[in-house]
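Please take a look at the model below.

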Amino acid sequence: MVASPVNSSTDSDLRIVGFLCNWCSYAGADMAGTSRESYPANIRLIRVPCSGRVDPMLIVKCFEMGADGVLVAGCHPGDCHYGEGNFHTRRRLALLRPFLDFLGIEQERLRLEWVSATEGKLFSRVVADFEQELKKLAPRGVAA
Amino acid sequence: MSRIGVFICHCGRNIAEPVDIPAVMEATRAIPGVVYVDENQFTCSLPGQDSVRRAIVEQRLDRVVIGACSPRMHEETFRKALASAGLNPYLLEIANIREHCAWVHGNDRPAATAKAIELVRMAVAKAARNQALFPKEIGVTKRALVIGGGIAGIQAALDIADAGHEVVLVEREPSIGGRMAQLDKTFPTLDCSACILTPKMVEASQHPLITLRTCAQVEAVRGFVGNFEVDIKQGARKVDQEKCTSCGICWQKCPEKVPSEFEMGQGKRSAIYIPFAQAVPAIPVIDTEHCRYIRYLKFNEDKEEGKAPPQCRICEKLCPPQAIDWEEEDSLITEKFGALVVATGYKPFDPTVYEEFGYGHYPDVITGLELERLMSASGPTDGQVLRPSDGTPPKTVVFVSCIGSRDETKGHSYCSQTCCMYMAKHAILLQEHDPEVQSYIFYIDIRATGKGYEEFSRRAQEEAGAQYLRGRIAKVYPKDGKLVVQGEDSLIGRPVEITADLVVLAAAMEPNTGAAEMAQRLSISYDSDHFFVQAHPKLRPVETQTDGVFLAGSCIFPSDIPQSVAQGSAAASKAAALLNRDHLVTNPMTALVDPLKCTGCLQCVAVCPFNAVETQLSREQRTLAVINEGTCKGCGLCVSACRPGAIDLRGTTNQQLLAEVMALW
Amino acid sequence: MSPATYAYYPGCALHSTAKEYDVSTKLVTKALGIELRELEDWICCGASSAHTISRPLSISLPAHELVSAGKQGLPLVTSCAMCFSRLKFSSKEIQDPETREMVGQVLGEEVPENQEVNHLLEVLSREEIPVTRSLSGLRIACYYGCLLTRPAAVTQFDDSVENPQIMDRLLQRLGAETLDWPFKTECCGAGMLIPRRDIVIKLSHRLLYQARQAGANCLAVACPVCHSNLDLRQREMRSRYGDHFDLPVLYFTQLIGLAMGFSPAEMLLDHHFSDPMPLMREQGWVKKG
Amino acid sequence: MIEQIRAKARELLESGAVDCAIGYERASDGITARPFFAYRPEEVERFIFDETCVHNLAPYLMDRRTKVSALVAKPCDARAINLLLQEKQLERERVFIIGVVCSGVVETGWNRAGEAPAPRCATCPQHTPPVYDFLVGDPVAEEAPPAVTSPEVAELEAMGVEERRSFWEEHFDRCLRCYACRQVCPGCYCKECFVDRLDPLWVGIRIAPVENHMWNTIRAFHLAGRCIECGECERVCPVNIPLMRLNSKLNQETAELFDFQPGLSAEAQPPLATFRPDDDL
């Protein structure tokens with residue numbers, strides 16, 4: 001597939017992929033839009049029904065492809081639309097993060113955040129903060 | 001190769017200004033599989049939808065991608081458009097280039113354009129993997145459950161029942177009526193609250209289609225729209241409702257007196273009681289925590305030390321129809337409903353966190369709701385406003401607004417909406433009770449936006465002589481039997497000090513106790529203050545993201561009476577419209593097991609929150625997982641737990657997600 | 001249990017107008033086996049002036065003390081409420097890496113990220129105090145002043161901002177009765193004494209009035225400025241408002257010292273303007289004659 | 001010891017309690033051991049057991065699920081049986097476990113058996129199988145569970161992240177994608193491995209560093225909280241990738257985060273199948 005230019009005057013060349021649960025975090029990102037809470041443009045958001053739908057394989061795939069960061073965002077613990085999906089996510093990612101680090105992918109590159117449907121401002125802060133954090137790490141570049 | 005049509009929406013200038021739409025279209029044309037690209041001013045408009053429909057037919061499109069606002073806005077709209085053009089509605093994908101792009105990167109056109117191009121490319125990649133999905137039809141249980149018997153819940157129950165559907169109204173207190181029953185008069189008309197509420201309470205109790213369940217609580221909710229199964233805990237009254245004639249002997253003769261919850265702790269009630277005179281049902285309830293006989297039984301059972309409580313049983317001895325039933329216990333009832341209306345209301349903010357105001361420390365610092373009871377003719381002082389400390393009538397009364405509201409440090413950030421008006425009401429009523437009363441009202445802003453509200457607020461100032469002082473107070477302290485209120489009049493920029501007889505704190509309304517737990521039981525969202533979240537704050541104000549669950553009243557946000565009634569009716573009309581239908585279509589986005597790949601490890605069974613994974617034996621006697629599509633809610637937890645990749649989620653398949661990721665490189 | 005050794009930052013008042021606070025602090029801690037090592041090169045904390053004119057200055061001055069304590073590897077303790085406040089603010093501000101770097105440049109030294117700061121009240125409230133002379137008979141209005149509890153997020157001093165209990169509980173353990181009164185953390189007027197003496201007299205008068213209303217026969221304080229306003233100005237209050245308070249205002253350290261058996265003279269009780277001796281006589285701790 | 005195994009196997013085959021006994025025989029090089037399936041009582045004489053019996057025999061049970069088998073099991077093999085039981089791949093009553101007390105096996109190759117213990121065995125503290133029906137040898141009194149920290153993992157953890165990245169890049173670059181590690185692993189019993197799937201194509205078919213990386217990462221992660229540390233993957237790797245470090249790292253994290261060690265019991269709830277609302281992660 002043809003690579004497209006992601007960099008522009010204000011953005012870094014970072015590649016961030018965000019998996020957002022439909023009920024809280026995707027709606028929270030919508031809320032960020034509605035209230036014009038701007039955040040770095042180099043994040044690409046993917047809608048999933050629940051953060052628990054995010055297979056660790058997908059996350060690893062993003063990193064293998066050269067993603068600088070992966071954000072997984074779901075409802076706050078206890079508020080999952082499906083009751084307990086995010087509790088599973090929390091466990092899976094707690095195990096995946098140190099493992100990635102062990103493989104040489106800094107664990108700061110994988111973030112799990114809880115963002116509710118009303119927290120547009122928080123969402124934009126999360127993305128901005130994540131980008132800042134990632135900027136401190138060496139860029140990963142596109143996979144060979 | 002699929003034939004994908006892509007439609008880029010300008011959304012007026014919302015998208016077209018921050019995003020270079022011709023560039024997006026040009027880039028999109030280059031994507032393999034895309035055979036048609038078009039743009040619209042408003043794709044969601046009728047002409048916009050028409051252009052989509054026309055293109056599907058003329059271009060023989062088999063997938064449609066729309067670059068527009070959030071799918072949470074118009075996914076349904078466009079699915080219908082596809083269906084009307086003969087295409088399966090699930091062959092649609094939406095690229096969210098408004099909320100997730102144009103609106104947040106408006107200051108950087110090149111970045112917004114580049115991102116929009118990628119979002120469209122991801123949606124195209126996903127759409128190419130979309131499959132036609134076919135919903136199933138399910139029946140509807142034509143009954144509604146209303147949770148909460150305040151004015152909003154009563155209104156909702158009455159309207160649903162009037163529309164011809166059976167309603168169960170659940171209330172955890174012994175009587176319906178809610179907070180409105182505690183009010184003396186209502187603003188801005190100064191109607192007697194009980195006089196307008198009581199007929200509605202009676203109507204609800206006598207309606208042939210309404211079943212009242214007081215002392216009852218919702219314990220668990222299962223199922224889905226049209227087919228909810230609800231566990232209700234029916235608390236024991238220990239009084240036989242069939243036999244009781246509400247003669248009142250028991251509660252008059254009961255020797256155990258405890259502070260009355262209804263009177264906000266200012267009056268007493270007996271251990272067997274009805275919470276207030278007009279209670280519906282007027283059947284007393286025995287308070288098992290305080291009843292002497294029950295304490296005696298418990299004392300013996302637990303073999304406690306010391307002196308046993310007396311074996312009172314006076315109520316039982318004196319009850320003419322022998323209605324006291326010591327044996328009655330709490331019971332669990334499971335019933336089916338098609339729709340749920342949640343109207344769990346509010347509770348007043350507890351001002352003790354404002355230590356400097358001395359609530360709970362000085363008896364003459366009270367809340368608005370407590371003053372309400374002191375003013376009520378049926379209240380603990382028979383409608384005479386008297387100071388709790390010494391029973392004298394107050395002459396100087398200071399009101400303080402925004403207690404727990406508009407104050408993030410100690411309370412909530414929101415405006416509680418009703419306080420400005422009830423403070424004005426109190427000032428007017430106090431002056432009517434006793435013309436010598438001088439009221440001072442410390443306010444931040446006067447918010448009087450309803451019909452007749454501004455006029456009412458002026459009346460408090462001009463006719464009742466209330467002195468409005470713009471500012472917060474700093475401290476309340478006792479001096480010579482009175483209370484000194486230190487504050488600031490920010491309009492003159494000076495500290496002020498008022499020696500008051502009574503200080504009334506306008507405590508904010510906050511969600512009722514247990515709101516968050518209730519939301520979790522119902523799988524609906526709640527915000528950081530624990531108010532329930534509406535499906536859309538403007539366009540779907542009484543619906544939730546969970547189909548079939550509707551909201552009314554102050555559980556959404558502080559509401560006054562007219563607003564609560566309107567919301568009750570609105571929720572009722574939504575519920576009735578649902579119950580009027582004979583069939584509903586199910587969400588086809590459920591999980592599916594490939595039996596050839598399933599290893600039978602049953603990790604899916606372990607993680608499924610809905611017990612939707614069942615097992616079957618294969619012909620070779622291997623255990624296989626099978627999804628029950630009726631109970632599967634489509635969260636996809638099982639998919640990501642399935643190592644062999646035997647499970648997939650329709651609508652969000654592994655192929656689709658991977659295609660989205662791979663489209664980025 | 002608190003560590004037995006602290007870096008001690010007395011601040012300017014304790015070396016001048018509040019000598020009795022300094023002396024009682026040192027005697028009491030020594031008797032309890034707590035070693036206070038006075039910082040050798042301590043400077044002004046910036047007090048009420050620095051933060052009104054320059055943020056870098058107001059953070060750097062107390063940071064100098066944080067650096068000194070950090071070098072010794074000791075937790076820092078101070079008796080003065082103002083010093084405590086400024087030290088706490090500074091230590092909070094330097095949590096931010098950029099600010100820390102800025103302060104480091106000003107001081108020319110590496111600034112520790114986390115230096116523990118205590119007020120003496122916090123330290124002594126954790127101690128077991130051997131009581132040889134019960135304070136029963138004393139009805140004490142504990143006055144914490146405005147700075148110890150505010151802002152709560154910075155000082156993290158007591159669970160309650162408006163009605164702190166830490167001094168009350170400490171003195172109760174020594175046998176005293178402490179009073180519930182509403183002015184525990186009201187302003188005494190503090191440094192306004194210089195430009196607007198009338199305001200200080202008014203505010204401090206209000207405090208003493210409330211203490212007496214509550215039934216106090218003495219006040220306990222934990223701040224040298226509060227002490228000076230409340231102790232020194234009673235005569236002016238009398239001439240302005242006609243109230244004869246004659247309320248002794250004692251440092252809490254002096255009260256602890258008395259309970260531990262130190263004599264009123266050892267605790268420099270004769271250094272106060274509102275004479276505590278009549279109360280001492282009433283208690284039988286000083287013989288008449 | 002060998003006699004005990006032979007006697008038990010004979011008894012089981014003669015009585016018809018099992019229709020096959022799986023153990024080891026001497027390989028044709030006369031030095032090393034190889035798996036042996038005895039179907040008739042007289043065949044049991046070919047069974048041996050010594051420090052050259054390196055193979056984990058548990059995976060053979062997967063092809064014999066409908067029949068009853070006896071299996072000679074070292075502690076690590078027994079842990080594998082526990083894993084398979086816990087994941088409902090086996091039925092307990094269809095396996096007769098002849099547990100052997102094991103003090104470790106040696107490194108072997110064709111025509112060659114070393115003196116030194118195999119790397120896994122050097123640090124393995126478990127000598128008595130955690131599950132068995134019949135035990136050969138004297139059980140060790142105080143058995144500690146397998147160690148959760150390994151010096152090899154610690155060595156990598158001590159490196160900088162860049163250094164670790166190049167460490168793995170060098171190793172994964174050599175990967176031939178022969179999948180021997182998967183074939184030998186008792187935990188890898190999927191009908192179709194993710195790496196073999198064409199749609200979704202999780203791992204590209206080409207042999208490229210990024211695809212090798214994906215394969216090795218996910219192979220290990222699919223064993224998170226499941227690897228019973230028999231070390232077979234590393235033993236069979238033709239290009240000597242230190243695969244056990246990946247598995248041990250994940251086991252170490254699982255033990256720390258969830259206080260769980262795989263293979264010790266067939267009943268324990270695996271940590272990724274459950275959660276606690278108050279998980280502090």
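Which side chains meet in a salt bridge of 2.8 Å, N to O? They are those of D:Asp279 and A:Arg91. This pair crosses between chains. D:Asp279 sits in the segment after H9 of chain D, and A:Arg91 belongs to helix H3 (residues 85-102) of chain A. A salt bridge here is a side-chain nitrogen of Lys or Arg within 4 Å of a carboxyl oxygen of Asp or Glu. Over all chains, a search of the whole structure finds 98 salt bridges.

This is a predicted model, in which local features need pLDDT of at least 70, side-chain atom pairs count only at pLDDT 80 or more, and totals for chains, interfaces and linings use all residues. Residues are numbered from 1 along each chain as its sequence is written, chains are lettered from A and ligands numbered from 1 in the order in which they are written, and side-chain values use heavy atoms, with hydrogens and water left out.

**Which chains touch**

Contact means heavy atoms within 4.5 Å. There are 4 pairs of chains that touch, and chains A and B have the most contacts among them. Chain A and chain C do not touch. Their nearest C-alpha atoms are 14 Å apart. Chain C and chain D share no contact either, with their closest C-alpha atoms 23 Å apart.

The table sets out two interfaces. Buried area is the accessible area (1.4 Å probe) that two parts lose on being put together, summed over both. A polar contact is a pair of N or O atoms within 3.5 Å. Within protein, one atom must be able to donate a hydrogen and the other to accept it, and residues adjacent in sequence count only if both atoms are side-chain atoms.

| Interface | Residues in contact | Buried area | Salt bridges | Polar contacts |
|---|---|---|---|---|
| Chain B and chain A | 51 residues of chain B, 57 residues of chain A | about 4700 Å² | 5 salt bridges | 20 residue pairs |
| Chain D and chain A | 43 residues of chain D, 27 residues of chain A | about 3200 Å² | 3 salt bridges | 9 residue pairs |

**Chain B against chain A**

Carbon and sulfur atoms carry 60% of the area buried between chain B and chain A. Three residues, B:Arg72, B:His100 and B:Trp665, supply 17% of what chain B buries there, more than any other three. A:Arg47 forms a salt bridge with B:Glu75, and the closest N and O atoms are 3.1 Å apart. Several elements of chain B each supply at least two residues to this side, including helix H3 (71-84), helix H5 (109-129) and strand S34 (647-649). Helices (H or I, at least four residues) and strands (E, at least two) are DSSP runs, numbered from the N terminus. H5(B) gives the most, with 8 residues. This side of chain B holds 25 nonpolar, 15 polar and 11 charged residues. Nonpolar means Ala, Val, Leu, Ile, Met, Phe, Trp, Tyr, Cys and Pro; charged means Asp, Glu, Lys and Arg; the others, Gly among them, are polar.

**Chain D against chain A**

Between chain D and chain A, carbon and sulfur atoms give 71% of the buried area. D:Trp202, D:Phe221 and D:Phe275 lose the most area in chain D, together 21% of what that side buries. D:Glu211 pairs with A:Lys61 in a salt bridge, with the closest N and O atoms 3.8 Å apart. Helices H4 (151-157), H5 (161-174), H7 (209-221) and H9 (243-258) of chain D give two or more residues each to this side. The side divides into 25 nonpolar, 6 polar and 12 charged residues.

**A sheet in chain B**

Two strands pair if DSSP finds at least two bridges between them. In chain B, 5 strands form an open sheet in the order S20-S27-S21-S22-S23, with parallel pairing. Strand S20 (365-367) and strand S23 (467-470) each have a single partner strand, so one side of each is left without a neighbour in the sheet. S20(B) is joined to strand S27 (residues 502-507) of chain B by 3 bridges. B:Val365 stands opposite B:Val503 in S27(B).

**A sheet in chain C**

Chain C has an open sheet of 4 strands, ordered S6-S5-S7-S8, and the pairing is parallel. Its edge strands are S6 (177-178) and S8 (249-251). Strand S7 (residues 218-221) and S8(C) pair over 3 bridges. C:Leu219 has C:Val249 in S8(C) as its bridge partner.
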